[in-house]
Amino acid sequence: KQKYLFNSHNKTIFIFRNTSLYRFIDDITNNYLYFGDIDLAGISIFLHDIRPKTKAKGKFFIPENIEILLENSDSKLYFKQYEKFKNLNSNEPYIDKLIKCIHKFKTTVEQESFIS
């Protein structure tokens, strides 16, 4: 049901947090796209857990309309995660921009919200 999000991503593997998948990703030659919750915890998982184990071949999925999605989302999860991840940052400009956007709107987008 979320396939429509990825029509423009050619030859890409989508991953979720699954430790047995790390070995598989090490053996493939193409890049991958991490599709998880768009929140501070999800970004932290990508940066500190998944990327280091997969030789940094992947990108964090950010939909084109992320600002609209964040602007119209709930703040409950943001405030639950805030203390633990308030200083989260990235040397990847596109991820750092996403982190700033999450702080600006003080909201999150769970991946389940993309099910149409």
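Close-up 1. Phe-60 is buried, with a relative accessible area of 3%. This view, like the others here, comes from a predicted model. The ring of Phe-60 meets that of Phe-46, with centres 5.6 Å apart and planes at 70 degrees, so the two are edge-to-face. Phe-46 belongs to helix H2 (residues 40-53) and Phe-60 to strand S3, and the pair links these distant parts of the chain, 14 residues apart. Both of these phenylalanines are buried.

**Close-up 2. Tyr-34 and Phe-60, a tilted pair.** The structure holds six aromatic pairs, and one of them joins Tyr-34 to Phe-60 in a tilted arrangement, at 5.7 Å centre to centre and 45 degrees between the planes. Because Tyr-34 sits in strand S2 (residues 32-34) and Phe-60 in strand S3 (residues 58-60), the pair ties together parts that are 26 residues apart in sequence. Is Tyr-34 buried or exposed? Tyr-34 is buried, at a relative accessible area of 5%.

Close-up 3. Now for the charged side chains: the count comes to three salt bridges. In this one, the side chains of Arg-51 and Glu-92 meet at 2.9 Å, N to O. What does the pair tie together? Arg-51 lies in helix H2, while Glu-92 lies in the loop between helix H4 (76-85) and helix H5 (93-105), so the bridge ties together parts that are 41 residues apart in sequence. Arg-51 counts as buried, at 13% relative accessibility. Glu-92 counts as partly exposed, at 21% relative accessibility; the cut-off for buried is under 20%.

Close-up 4. Asp-96 is buried, with a relative accessible area of 17%, whereas Lys-100 counts as exposed at 54% relative accessibility.

**Close-up 5. Glu-83 and Lys-86, another salt bridge.** The side chains of Glu-83 and Lys-86 meet at 3.1 Å, N to O. Lys-86 counts as partly exposed, at 34% relative accessibility.

**Close-up 6. The largest pocket and its lining.** To finish, take a look at the largest pocket, which has a volume of about 150 Å³. Which residues line the largest pocket? Its lining is made up of Leu-69, Ser-73, Asp-74, Lys-76, Leu-77, Thr-108, Val-109, Glu-110 and Ser-113. Sorted by class, the lining has three nonpolar, three polar and three charged residues. Among the lining residues, Leu-69, Leu-77 and Val-109 count as nonpolar, while Asp-74, Lys-76 and Glu-110 count as charged. Ser-73, Thr-108 and Ser-113 count as polar.

Definitions and conventions: Residues are numbered from 1 along each chain as its sequence is written. This is a predicted model: local features need pLDDT of at least 70, side-chain atom pairs count only at pLDDT 80 or more; totals for chains, interfaces and linings use all residues. Side-chain values use heavy atoms; hydrogens and water are left out. Rings of Phe, Tyr and Trp (its six-membered ring) pair if their centres lie within 6.5 Å; planes under 30 degrees apart count as stacked, over 60 as edge-to-face and the rest as tilted. Helices (H or I, at least four residues) and strands (E, at least two) are DSSP runs, numbered from the N terminus. Buried means under 20% relative accessible area, exposed over 50%, partly exposed in between (1.4 Å probe, protein chains only). A salt bridge is a side-chain nitrogen of Lys or Arg within 4 Å of a carboxyl oxygen of Asp or Glu. On a 1 Å grid over the protein atoms alone, a cavity is a set of points where a 1.4 Å probe fits but cannot get out, and a pocket is an open set with protein on both sides within 12 Å along at least five of seven lines; lining residues have an atom within 4 Å of a point. Grid points are joined across faces, edges and corners, and a volume is the space filled by probe spheres set on the points.
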